[in-house]
Amino acid sequence: MNSQNLFKEFNEKPELWHTYHQIAEANEELFGEENIPRNRIIRALNNEKTKRTKTVVDMGCGKAQIAQHFATDKRFIFTNYDHISANELVTQCDISQTNLDEDSVEICILCLAMWGSNCEQYVKEAHRILETNGKLYIIEPTKRWTKQDENKNYIKGEEGKKLRSLLVNSGFKIIEE
């Protein structure tokens with residue numbers, strides 16, 4: 001489904017969104033605390049050195065757990081988007097088209113958020129709203145972004161290449177993997 005249809009589906013049946021997040025949180029036990037994707041983003045943001053406040057947009061934020069972690073940290077002001085507003089920190093939005101101005105954000109997060117069949121639009125939207133030298137923190141499973149052979153086996157050495165290509169073709173420079 002594309003993000004517009006996902007948005008509609010989740011808003012007609014919010015229990016689907018909540019069920020997904022319950023399953024995802026249960027699966028986190030398999031990661032170990034350090035490797036939970038949102039914790040990796042939190043560690044990266046903890047390393048941000050700045051004397052001024054940075055604008056952060058978490059696209060597909062779920063329950064806004066990253067923003068909650070930094071609630072008292074003056075370095076960041078968060079805007080959190082997801083299909084469902086799980087709490088007062090989350091604005092309901094199809095992340096393929098935010099209402100943010102171009103070049104208005106210093107940090108953007110896409111953490112396990114690339115659900116829609118039009119997820120390329122999410123990356124393009126992130127690029128549109130990020131200022132020059134802004135940062136995109138993205139964590140995604142590589143299977144979706146890995147070429148398969150004719151027998152549907154993932155090709156060794158191709159892990160995540162489609163995502164890297166999408167990022168570069170959308171104007172991003174990959175600094176760290």
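Thr55 is partly exposed, with a relative accessible area of 25%; buried means under 20% relative accessible area, exposed over 50%, and partly exposed in between, with a 1.4 Å probe and protein chains only. The model is predicted, so local features need pLDDT of at least 70 and side-chain atom pairs count only at pLDDT 80 or more, while totals for chains, interfaces and linings use all residues. Residues are numbered from 1 along each chain as its sequence is written, and side-chain values use heavy atoms, with hydrogens and water left out.

Thr55 lies in strand β1. Helices (H or I, at least four residues) and strands (E, at least two) are DSSP runs, numbered from the N terminus. Five of the six residues of β1 are buried, so this strand is largely enclosed by the rest of the structure. Contact means heavy atoms within 4.5 Å. Not counting residues up to four places away in sequence, Thr55 touches Ile77, Ser104, Val105, Glu106 and Ile107. Ile77 is also the bridge partner of Thr55 in β2. Thr55 and Ile84 are 29 residues apart in sequence, and their C-alpha atoms are 22 Å apart in space.

Strand β1 belongs to an open sheet of five strands with parallel pairing, in the order β3-β2-β1-β4-β5. The edge strands are β3 (90-92) and β5, each of which pairs on one side only. On average, neighbouring strands of this sheet are turned by 25° against each other, direction ignored. Axes here are lines fitted to C-alpha atoms, for helices over the stretch in contact, and angles run from 0 to 180 degrees between N-to-C directions. Strands of a sheet pair through backbone hydrogen bonds, either parallel or antiparallel. Two strands are counted as paired if DSSP finds at least two bridges between them.

Strands β1 (residues 54-59) and β2 (residues 76-82) pair in the parallel sense over six bridges, and Asn80 in β2 is the bridge partner of Asp58. Strand β1 also pairs with β4 in the parallel sense, over three bridges; here Val57 stands opposite Cys108 in β4. Strands β4 and β5 run parallel and are joined by six bridges. In this pair, Cys108 stands opposite Leu136 in β5. The chain crosses from β4 through α5 to β5, and this β-α-β crossover is right-handed. A crossover is right-handed if, with the strands pointing away from the viewer, the path from the first strand over the helix to the second runs clockwise.

Helix α5 lies across β1, β4 and β5, and runs at about 145° to β5. The buried residues of α5 are Tyr122, Val123, Glu125, Ala126 and Ile129. Seen down the axis of α5, its buried residues fall within an arc of 160°, so they line one face of the helix. The arc is that of the directions from the helix axis to the C-beta atoms. What covers the buried residues of α5 includes α1, β1, β4, β5 and α6.

Helix α1 (residues 3-12) has Ser3, Leu6 and Phe10 as its buried residues. Seen down the axis of α1, they fall within an arc of 55°, so they line one face of the helix. Lys8 and Glu12, on the other side of α1, are exposed. The cover over the buried residues of α1 includes α2 (14-27) and α5.

A nonpolar core is a set of buried Ala, Val, Leu, Ile, Met, Phe, Trp, Tyr and Cys residues joined through side-chain atoms within 4.5 Å. The largest such core has 23 residues, of which Met59, Leu110, Met114 and Leu136 touch the most other members. At least two residues of this core come from each of β1, β4, α5, β5 and α6, and α5 gives the most, with four residues. Not counting residues up to four places away in sequence, the residues that Met114 touches include Tyr122, Val123, Ile138, Trp145, Leu163 and Leu166. A second, separate core of 17 residues includes Ile42, Cys61, Phe76 and Phe78.

Most residues other than glycine have a negative phi, and most peptide bonds are trans. Leu112, although not a glycine, has a positive phi of about 55°. Leu112 is found in the loop between β4 (105-111) and α5 (120-129), and counts as partly exposed at 32% relative accessibility. Lys152, also a residue other than glycine, has a positive phi near 70°. Lys152 is found in the loop between β5 (130-139) and α6 (161-169), and is exposed, with a relative accessible area of 60%.
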